[in-house]
Amino acid sequence: MLPVVLTLVVGGLDLARAYQKQVQLEGVVRAAAERIARDTLMDTTATAQAEAQKWVCRAFGLADTCTAVTVTVPTFTSSTASPGSTTTPLVTIKVSATLPFTTLVPYPLLTKAGGTFTLRAGSTFTFLRGLAP
């Protein structure tokens, strides 16, 4: 009876921890996409990528150039075509991130070696720069 109860308790703890990290990852990816879309200094994919990496790493208490979190910016466009203009370009950015998560115990068929699996999040944000929020 005790092993079953312990398994349920540890499983519940791992599920809660994974859910918390997933929600945190989704929130910070969304915030990074919004911040970069609004920032008039972000004008290239490279600068957007570096800023997104910094934001996501900081959210998890890591150094700005951490490698534990993988952040990509597959889409970063700025258009002056309608509804955008030269003074208020329409900016679209997509930020994606992956974060390794290690469980308290390795679960067969659910985790890789060492009890890890990958959490993923992505967010796309479109904004007319130059307009008041």
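Mentor: Leaving out residues up to four places away in sequence, D14 touches F101, T103, L104, V105 and Y107, where contact means heavy atoms within 4.5 Å. This is a predicted model, in which local features need pLDDT of at least 70 and side-chain atom pairs count only at pLDDT 80 or more, while totals for chains, interfaces and linings use all residues. Residues are numbered from 1 along each chain as its sequence is written, and side-chain values use heavy atoms, with hydrogens and water left out.

D14 lies in helix 1; helices (H or I, at least four residues) and strands (E, at least two) are DSSP runs numbered from the N terminus. D14 counts as buried because its relative accessibility is 4%; buried means under 20% relative accessible area, exposed over 50%, and partly exposed in between, with a 1.4 Å probe and protein chains only.

Helix 1 also meets helix 2. Their axes come within 9 Å and cross at roughly 145°; axes are lines fitted to C-alpha atoms, for helices over the stretch in contact, with angles from 0 to 180 degrees between N-to-C directions. On the side of helix 1, the residues Q24, L25, V28, V29, A31, A32, R35 and I36 take part, and they meet A48, E51, A52, W55, V56 and A59 of helix 2. The residues of this contact divide into eleven nonpolar, one polar and two charged. Here Ala, Val, Leu, Ile, Met, Phe, Trp, Tyr, Cys and Pro count as nonpolar, Asp, Glu, Lys and Arg as charged, and the others, Gly among them, as polar.

Helix 2 has A48, E51, A52, Q53, V56 and C57 as its buried residues, and these pack against helix 1, strand 1 and strand 2.

The largest nonpolar core has 28 residues, of which L25, V29, V56, V69, F76, I93 and V95 touch the most other members. Such a core is a set of buried Ala, Val, Leu, Ile, Met, Phe, Trp, Tyr and Cys residues joined through side-chain atoms within 4.5 Å. Helix 1 gives the most to this core, with seven residues.

In strand 3, S123 is buried because its relative accessible area is 14%. Apart from neighbours within four places in sequence, S123 is in contact with V29, R30, A33, I93, K94 and V95; V29, I93 and V95 are also among the core residues that touch the most other members.
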